[in-house]
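Hi everyone, thanks for coming. Please have a look at the picture while I talk you through it.

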Amino acid sequence: MERSEVAFRKLKHDVAVEFAKRAQHVIATGGRMLLDPSKARALQATGQTFCLTVSAEEIVGRLRTDLRDHLRPLLAGDDLSVQVEQLLSKRAAGYGQFEQVPTDGREPDDIAADVIRRLGRWSMS
């Protein structure tokens, strides 16, 4: 059964609210989820929220490696670099409201350790 975009967005909201009730969890959302104020508020109510950042160049490289011919609809167009830059520009203010954790050129273990250090700082304040 195919679901509508509205139903999908409602499901994401319900998931955010449900996860916000839980303690000591790491929740990795998609890039757009935290741009919705109600979802961001729900998740921030019980924990710290970080935005893992990456440069447009790195995104393009990852997409070309990972997706090859199967680009995401929001990135469809003649020039992938331009599409990524435009998307990041549109989302910059929304992403900027969260503590930024850069990921370019870093290994997942290093990024996780960085987040853990930041969580320690947050829990002491």
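How many salt bridges does a search of the whole structure find? The search finds 8, where a salt bridge is a side-chain nitrogen of Lys or Arg within 4 Å of a carboxyl oxygen of Asp or Glu. Before I show you some of them, please keep in mind that this is a predicted model, in which local features need pLDDT of at least 70, side-chain atom pairs count only at pLDDT 80 or more, and totals for chains, interfaces and linings use all residues. Residues are numbered from 1 along each chain as its sequence is written, and side-chain values use heavy atoms, with hydrogens and water left out.

Let's begin with Asp114. Asp114 is buried, with a relative accessible area of 9%; buried means under 20% relative accessible area, exposed over 50%, and partly exposed in between, using a 1.4 Å probe and protein chains only. One partner of Asp114 is Arg106, with 3.1 Å between the closest N and O atoms of that salt bridge. Another is Arg118, where the closest N and O atoms are 2.8 Å apart. Arg118 and Asp114 sit 4 residues apart in helix 5, so about one helical turn separates them. Both of these residues are buried. Salt bridges with shared partners link Glu99, Arg106, Asp110, Asp114, Arg117 and Arg118 into one network.

Arg117 also meets Asp114 directly, at 4.0 Å from N to O. These two lie 3 residues apart in helix 5, again about one turn. Is Arg117 exposed or buried? Arg117 counts as exposed, because its relative accessibility is 51%.

Now let's step back to the whole chain. The chain has 5 helices and 2 strands, and from the N terminus on they run α-α-β-α-α-β-α. Helices (H or I, at least four residues) and strands (E, at least two) are DSSP runs, numbered from the N terminus. Of the 125 residues in the chain, 26% are buried. If we take contacts with a separation of 6 or more, 59% of them are between residues 24 or more positions apart; contact means heavy atoms within 4.5 Å.

Next, please find Thr103, in the loop between strand 2 (99–102) and helix 5 (108–124). Thr103 is buried, with a relative accessible area of 6%. Which residues does Thr103 touch, leaving aside those up to four places away in sequence? They are Leu52, Thr53, Val54, Arg62 and Ile111. With Thr53 there is some detail to see: its backbone oxygen lies 2.6 Å from a polar atom of the Thr103 side chain. Thr103 and Ser55 are 48 residues apart in sequence, yet their C-alpha atoms are 8.5 Å apart in space.

Last stop, helix 1, residues 5–20. This helix has 16 residues and reaches 23 Å from its first C-alpha to its last, close to the 22 Å expected at 1.5 Å a residue; the expected span is 1.5 Å times one less than the number of residues. Lys12, Ala16 and Ala20 are buried in helix 1. Looking down the axis, the buried residues fall within an arc of 70 degrees, so they line one face of the helix; the arc is that of the directions from the helix axis to the C-beta atoms. What do they pack against? The buried residues of helix 1 pack against helix 2 (37–44).

Technical notes. Polar contact = N/O pair within 3.5 Å; in protein donor to acceptor, adjacent residues only side chain to side chain.
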